[in-house]
Amino acid sequence: MDTPLTLSRYRLLGLLCTVVSLSGLRSPVAAAGRSCADTRQVYAEKGYSTGTAPVTQISGEHLRLCPQDYTCCSSQMEETLALQSERDFLKSLEDHSQFLLTTFTQRQRRFNEFFRELIDLAEKSMNQMFTKTYGRLFTQNAHVFQELFAELRRYYSGGSVSLTEVLSDFWSRLVERVFTLVNPQYQFSDDYLECVSKHAEQLQPFGDVPRKLRVQVSRAFIAARALSQGLATGRDIVNKATKLTPDSECVRGLMRQWYCPLCRGMPSLRPCRAFCLNVMKGCLANQADLDTEWDYFIDALYQVAEKLEGPFNMELAADSISVKVSEAIMHMQENSVSISTKVFQGCGNPRPLPGRSKRSPKESGGNRRPFRTYTPEEKPTTAAGTNLDRLVTELKERLRPMGSFWVSLPHTICNDEKMAADVTNEDRCWNGQTRGRYLPEVTGDGLASQINNPEVEVDIGRPDVRTRQLIMELRVATNKLRHAQSGQDMDFMDSEEGSGSGGGDSSERYNDDWPGYGPYSPPYNKPPRNSAPSPPASNPAKPPRVRERNNKWNRNNGRVIHSTASPFTSSLLPLLLLPFMMLAAILLR
């Protein structure tokens, strides 16, 4: 017969069993005997041998990363799954950044091919049209034009080439050739032609065409090169930022969230979303610090792309080279009389060719066939297969979602149903110990915010050197793109200050160059001048012209005239003194 004390003991034991059954806890004996079949199956499906995998749960005192509860993992399994979690993390990083990498790689290749083809077509079109228009006069001087396009290609390819110097040198060579052609009855020495080209800026034999072409070509080429280089920089940044090596604290967090449920015999249980976010923010703390400069960079790319389909249109610029050069030649031919007269006054009378009578410039130029421009139907065609508007539109559509990529990356990964539980399953997810709600707060973004990260211990006092380098690369690329928006080449800011920085002075606008972008257009935003300089180009500098010159530019009938002032400016001196002479006469009455 049971005593009251015995009955009370039975009731207490029954109550404890009820509590245990309701709470889901298992007794040590029950836990130790639980099957590990599901764990072994998942482990085998990943390609690992189950030779060291327990058949039933064992004591977890040997575990270093997972909770030391009863487990289905041996020490070797835990080490293997830790490495697997690192591979899964890097694979997820690669998958979610693939959109960026593909965009930058493919778009850079397409823009590069397109721009190069435009240059090739522009040269081909000029050769065809000028050969048809000028015949032997062009073919005998074709090397002048070939060198122009060779230098334009070298600039676009990243060479250390100043567009202002390239175009200035081209016009200097051209004025010498055209001046000789419009004065066939004379022979000109190298020194004499040097005198002509030296004073071309004062004479303006081609009118305002060289300045207009410089602005249009420089702006377009600067923007095109900056965009192509910017896309390549974006590709390299993504490649470098995603090729990381997680440290031991990151791997510990990755293992605890993804594979510790497997070791507990619950392979289908996903980590709570907040748990996943804390782990990812700890592992990607340095990448999040890229975000501010990254957003500036993406915005600058977008703005340059817009300029290329508007005022800095590369198709229009390439198409205009032949047209404007032909206009310049026609201008000089039509004004050859006045130009030649001024040259003869300033540089001296040239020697007539033997056997030819000396004729005036008017006579020599009046009967010559005038140069002409070609009709719109004869103008160069655009690059085959695509056009600039389409390329820019596609690029802008892909750039828009790239903003805040790095700071959003933890959310992107944890939103993947394979990586974490849905936010609606907050009570039925892995919280790092068992199935249940995850209670810690989600930390902020970036390295400094990880000081209180409960899942990944991060040394916030040691910024990652490689991340700092990437930030600097982004700043340099952004600065170059911002200068390109105003038609300035940062590589030549110091050497060409005051000449438009590569020929793209932001104050110059032309209605005839870009419809809708005339002198009354809204001003473009100018970037700060104290921006970080870009690294120098690896290409060698352009060699100087071969022809040797001396300072004997002022000649008259073969005699050197030593003068400190140009004849073109000294003739204005009496006019400048006239008001003072009149004033003196009045005062002396």
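Let me begin with Ser404, which sits in the loop between α20 (388-399) and α21 (405-414), where helices (H or I, at least four residues) and strands (E, at least two) are DSSP runs numbered from the N terminus. This is a predicted model, in which local features need pLDDT of at least 70 and side-chain atom pairs count only at pLDDT 80 or more, while totals for chains, interfaces and linings use all residues. Residues are numbered from 1 along each chain as its sequence is written, and side-chain values use heavy atoms, with hydrogens and water left out.

Although Ser404 is not a glycine, its phi is positive, at about 60 degrees. Most residues other than glycine have a negative phi. Gln204, in the loop between α10 (200-203) and α11, also has a positive phi, near 50 degrees.

Turning to the helix pair, α8 (residues 163-182) and α11 (residues 209-242) have axes, that is, lines fitted to C-alpha atoms over the stretch in contact, that come within 10 Å and cross at roughly 145 degrees, with angles running from 0 to 180 degrees between N-to-C directions. In contact (heavy atoms within 4.5 Å), Leu163, Thr164, Leu167 and Trp171 of α8 meet residues of α11 including Leu213, Phe221 and Ile222.

Finally, a word on confidence: pLDDT, the predictor's confidence in each residue from 0 to 100, has a chain mean of 79, and 72% of the residues reach 70 or more. Over residues 495-589, however, pLDDT stays under 50. Where pLDDT is low, the predicted coordinates should not be read in detail.
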